[in-house]
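Here are my notes on the model you sent.

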Amino acid sequence: MDISNLLLDFRITSHCNLGCDLCFRNPGIKDSSLSSALNVIERMYKMGFRRIGFTGGEPTSRDDFINMIEYAKQMGFMTYLSTVGHRFTMDHERLNSILDWVGIPIDGIDRHVNSEIRSDKMSNQHRVIKNILTWLPDNNNRINIKLTTVVSQSNINMLSDIVSWVEALPYKIQAWRFYQFCPLGVGKEKRDKLEINTDLFTYKMKILKKQHPGTPISWATFEERDKANVVMEPNFDIIIPDGENYTLLGNMLTNSPEEIIDAIFGNNEIMQKCENNRFWLDEREFIV
Ligand code: SF4
């Protein structure tokens, strides 16, 4: 993997008021200004990065998040947005020509499971997905849709019901990633309630894929996700998930390009894991 293929997740804010039990952000980091964020995006481009993800926190809680995506697309980045999707149909017209992928979560198809795995504020998340996948066919959509499901004790026995429910909606998604619950960040406190065994997770995933051959299902265990994505915090610290914590690799603004490239690409384990974690990206073309 070279620098142009690595998707770097830029947490543009650590803010989110949805209070999910499974959240693995580091809360409380101050947002950067728009101008310094654009500066860093440009710096990344000059270093050779070509893939950028906008994540959080909830990235759409910043009212300038579209400016950042727009700037990155104008520079020539492949752009990805990870959001709960509450604003997606409202923002779609502006995003449609500048966003390559959006990732939106669905962990259950009833209020009880959504509340248990996430929070009461997210209890209607399946309705958000339903609205989006019902709305998209009539709106000239160019954005690839990726669903994400965190598999935990709360939903492990209803995964096939969730997939069947989505399959019945009119828009066909381009990727669906299932993740074994990771006790990271805020989510660490909830491990007794949510954590599941890796063998059970893998077994359930293989069955699910067999049951739904027409849906682009793939998955990653906690171990496969560990060290498998490079994240930039709102203060431009570059970190990777490492066991139950994060390891700091450097800072995009204050370290030299050589130091950053060496910290990320000098580690073969990180590179191999990042490549395996993002294969679904390579199966589609990007907006240019
Ligand atoms: S998981 Fe996402 S939606 Fe939930 S609290 Fe964390 S940032 Fe917000």
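**Notes on the predicted model**

1. T198 lies in helix 8; helices (H or I, at least four residues) and strands (E, at least two) are DSSP runs, numbered from the N terminus. This is a predicted model, in which local features need pLDDT of at least 70 and side-chain atom pairs count only at pLDDT 80 or more, while totals for chains, interfaces and linings use all residues. Residues are numbered from 1 along each chain as its sequence is written, and side-chain values use heavy atoms, with hydrogens and water left out.

2. T198 has a relative accessible area of 37%, so T198 is partly exposed. Buried means under 20% relative accessible area, exposed over 50%, and partly exposed in between (1.4 Å probe, protein chains only). Leaving aside residues up to four places away in sequence, T198 touches Q180 and T221, where contact means heavy atoms within 4.5 Å. N255 is 57 residues from T198 in sequence, and 37 Å separate the two in space, C-alpha to C-alpha.

3. The sheet is open and has 10 strands in the order 7-6-5-4-3-2-1-8-9-10, with mixed pairing. Two strands pair if DSSP finds at least two bridges between them. Strand 7 and strand 10 (245-251) stand at the edges with a single partner strand each, so one side of each has no neighbour in the sheet. From one strand to the next, the twist averages 25°. Axes here are lines fitted to C-alpha atoms, for helices over the stretch in contact, and angles run from 0 to 180 degrees between N-to-C directions.

4. Which residues of strand 5 are buried on each side? On one side they are N144, K146, T148 and V150, and on the other I145, L147, T149 and V151. Eight of the eight residues of strand 5 are buried, so the strand is largely enclosed by the rest of the structure. Strand 4 (residues 101-105) runs parallel to strand 5 and is joined to it by five bridges; G103 has K146 as its bridge partner in strand 5. Strand 5 also pairs with strand 6 in the parallel sense, over six bridges, and there the partner of K146 is A175.

5. Further along the sheet, strand 2 (residues 51-55) and strand 3 (residues 78-82) run parallel and are joined by four bridges. The bridge partner of R51 in strand 3 is M78.

6. Two helices deserve a look against the sheet. Helix 6 packs on the sheet, touching strand 5, strand 6 and strand 7, and its direction makes about 160° with that of strand 6. Helix 8 lies across strand 5, strand 6 and strand 7, and runs at about 170° to strand 7. The buried residues of helix 6 (residues 159-167) are L159, I162, V163 and V166. These cover an arc of only 95° around the axis, which puts them on the same side of helix 6; the arc is that of the directions from the helix axis to the C-beta atoms. In general, an α-helix has 3.6 residues a turn, so residues three or four places apart point the same way. Among the elements covering the buried residues of helix 6 are helix 5 (125-135) and helix 8 (198-211).

7. The largest nonpolar core has 64 residues, of which F10, F49, F54, L95, L133 and M252 touch the most other members. A nonpolar core is a set of buried Ala, Val, Leu, Ile, Met, Phe, Trp, Tyr and Cys residues joined through side-chain atoms within 4.5 Å. Helix 1 (residues 34-47) gives the most to this core, with six residues. Apart from it lies another core of 10 residues, including L22, C23, V150 and L194.

8. How many disulfides are there? The count is zero, a disulfide being a pair of cysteine sulfur atoms within 2.5 Å. The sulfur of C182 is 12 Å from the closest cysteine sulfur, in C23, which is too far for a bond. C182 is buried, at 5% relative accessibility.

9. Most residues other than glycine have a negative phi, and most peptide bonds are trans. A cis peptide bond joins G56 and G57, with omega about 20°. N140, not a glycine, has a positive phi of about 50° and is exposed, with a relative accessible area of 62%. F236 also has a positive phi, near 75°, but is buried, with a relative accessible area of 4%.
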